[in-house]
Amino acid sequence: RFDFVSIPLAAPQGQGIGCDFQPSVESCFSLEGEQWRTVVVGRVSDCLDPDTAATFAEAEVLRSQLETELRWAAHLGLQYVILPPPQ
């Protein structure tokens with residue numbers, strides 16, 4: 001028995017901005033809306049830490065990719081999201 005399951009928001013190598021983003025699930029209809037809200041916790045990709053960027057442009061890309069993943073989590077109706085720890 002489990003209380004929740006944690007899933008990555010992006011598919012492996014699926015980080016991207018807008019339509020370049022590849023979600024880890026085929027469809028938001030994979031589960032009922034209530035299940036997304038109550039038993040699924042999303043995980044943001046570990047590589048999306050704008051503070052680790054070498055340039056401002058790279059930081060902006062990472063920020064945009066992070067925002068895209070968070071928007072996907074909101075679209076799914078997730079109540080909780082695990083962010084990468086600060087480095």
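**View 1. Nonpolar surface patch.** Leu70, Val81 and Leu83 make a nonpolar surface patch of about 230 Å². Patches consist of residues with over 30% relative accessible area and no salt bridge, nonpolar side chains (Val, Leu, Ile, Met, Phe, Trp, Tyr) being joined within 5 Å; areas come from the Shrake-Rupley method with a 1.4 Å probe. Leucine 83 lies in the segment after E3 and is exposed, with a relative accessible area of 51%. Exposed means over 50% relative accessible area, buried under 20%, and partly exposed in between. The model is predicted: local features need pLDDT of at least 70 and side-chain atom pairs pLDDT 80 or more, while totals for chains, interfaces and linings use all residues. Residues are numbered from 1 along each chain as its sequence is written, and side-chain values use heavy atoms, without hydrogens and water.

View 2. Glu60, Arg63, Glu67 and Arg71 are linked in a network of salt bridges (a side-chain nitrogen of Lys or Arg within 4 Å of a carboxyl oxygen of Asp or Glu). Arginine 63 meets glutamate 60 at 2.6 Å, N to O; the two are three residues apart in helix H2, about one helical turn. Arginine 71 and glutamate 67, four residues apart in helix H2, have their closest N and O atoms 2.7 Å apart. Arginine 71 is exposed at 56%, whereas glutamate 67 is partly exposed at 30%.

View 3. Glutamate 34 forms a salt bridge with arginine 37, with 3.1 Å between the closest N and O atoms. Both residues lie in helix H1, three residues apart. Glutamate 34 is partly exposed at 46%, as is arginine 37 at 36%.

**View 4. Aromatic pair.** The rings of phenylalanine 21 and tryptophan 72 form a tilted pair, 6.3 Å centre to centre with 55° between the planes. Rings of Phe, Tyr and Trp (its six-membered ring) pair if their centres lie within 6.5 Å; planes under 30 degrees apart count as stacked, over 60 as edge-to-face and the rest as tilted. Phenylalanine 21 is in the loop between E1 and H1 and tryptophan 72 in helix H2, 51 residues apart. Both residues are buried.

**View 5. Parallel sheet.** Three strands form an open, parallel sheet in the order E1-E2-E3. Strands (E, at least two residues) and helices (H or I, at least four) are DSSP runs, numbered from the N terminus, and two strands pair if DSSP finds at least two bridges between them. Strand E2 (residues 40-43) pairs with E3 over three bridges, and arginine 43 has isoleucine 82 in E3 as its bridge partner.

Definitions and conventions. Buried < 20%, exposed > 50% of the residue type's maximum accessible area, 1.4 Å probe, protein only. Patch = residues over 30% accessible without salt bridge, like charges linked within 9 Å, V, L, I, M, F, W, Y side chains within 5 Å.
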